[in-house]
Amino acid sequence: LLLPLFVSQAERKRRQAWVVTLLSSFIMTVVGTWYFVRLWVSNGDILNPTDDIKLDHVDTAIARGISLFFLAYCVVDMVLAALFYNEEAGVAYEHHTLYIIIVGVLYKKKLPLLFAIGALEEFPTLLLSIYELMGDRRPRLSTGMMILTSRISYHLYVTYKCIAADVMNPGLFLVS
């Protein structure tokens, strides 16, 4: 609300583009953390439930819900970009379209749990959106490397657990 007092209109527009991303990445990080803890504590067994380790209806509903939430976020973000800050969108259209396809496939194959576990990969986006909203001018290379390293490390861990649990064709999960 106070942005008009402190920054130019172009800068304000650029920062406003990150508000929806901040909210979405916060929700994704919270849910992703819950599922990461479940994955860690069960040593990956939640990926291939047995009689001893089962996901209850709440876990399943949350996994399905977070998948639908992220699909909606991608669509809303693309619509808002087209309407208000198209010149700032960059590769957002391609990036969000790819996510819509991947999440849609996981949802259709009844594997939203994989996406819910991977939701923690939005944590670096949460940090980035905070920086962007604050107008912080930090080194782009170091920030990019932090995001890339943390996402790849976590993604490799989850992919390893998926392969070990023989949950699905790991090829699909590797491209996400």
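Helices here are DSSP runs of H or I of at least four residues, strands are runs of E of at least two, and both are numbered from the N terminus. The model I opened is a predicted one, in which local features need pLDDT of at least 70 and side-chain atom pairs count only at pLDDT 80 or more, while totals for chains, interfaces and linings use all residues. Residues are numbered from 1 along each chain as its sequence is written, and side-chain values use heavy atoms, with hydrogens and water left out.

**Entry 1: the chain as a whole**

I began with the secondary structure and found nine helices and zero strands in the protein chain, so that its pattern along the sequence reads α-α-α-α-α-α-α-α-α. For burial I looked at the 176 residues of the protein chain, of which 39% count as buried (under 20% relative accessible area, with exposed over 50% and partly exposed in between, for a 1.4 Å probe and protein chains only). I then turned to contacts (heavy atoms within 4.5 Å) in the protein chain, and noted that, among those between residues at least 6 apart in sequence, 75% join residues at least 24 apart.

**Entry 2: the largest pocket**

I looked up the largest pocket next, and its space comes to about 770 Å³. A pocket is an open set of points on a 1 Å grid over the protein atoms alone, with protein on both sides within 12 Å along at least five of seven lines, whereas a cavity is a set where a 1.4 Å probe fits but cannot get out; lining residues have an atom within 4 Å of a point. Grid points are joined across faces, edges and corners, and the volume is the space filled by probe spheres set on the points. The largest pocket is lined by 28 residues, and those closest to its centre are Trp-18, Ala-92, His-95, Thr-125 and Leu-128. At least two lining residues come from each of H4, H5, H7 and helix H8 (140-165). I sorted the lining by class and recorded 16 nonpolar, six polar and six charged residues (nonpolar being Ala, Val, Leu, Ile, Met, Phe, Trp, Tyr, Cys and Pro, charged being Asp, Glu, Lys and Arg, and polar the others, Gly among them).

**Entry 3: H7 against H8**

How do H7 and H8 pack, and at what angle? Their angle is about 160° and their axes are 10 Å apart (axes are lines fitted to C-alpha atoms, for helices over the stretch in contact, and angles run from 0 to 180 degrees between N-to-C directions). On the H7 side I listed Pro-124, Thr-125, Leu-127, Leu-128 and Glu-132, and on the H8 side Arg-140, Thr-143, Met-146, Ile-147, Ser-150 and Arg-151. These contact residues divide into five nonpolar, three polar and three charged.

**Entry 4: Thr-29 and Glu-122**

Thr-29 sits in helix H3 and is buried at 9% relative accessibility. I found it touching Ala-119, Leu-120, Glu-122, Phe-123 and Leu-126, residues up to four places away in sequence not being counted, and its C-alpha lies 9.4 Å from that of Gly-118, 89 residues away in sequence.

Leu-47, in the loop between helix H3 (19-41) and H4, counts as buried at 8% relative accessibility, and its C-alpha is 6.8 Å from that of Cys-162, although the two are 115 residues apart in sequence. Ala-89, in the loop between helix H4 (57-84) and helix H5 (92-108), is buried at a relative accessible area of 12%. Lys-110, in the loop between H5 and H6, is by contrast exposed at 66%, and I noted its phi near 60°, a positive value in a residue other than glycine.
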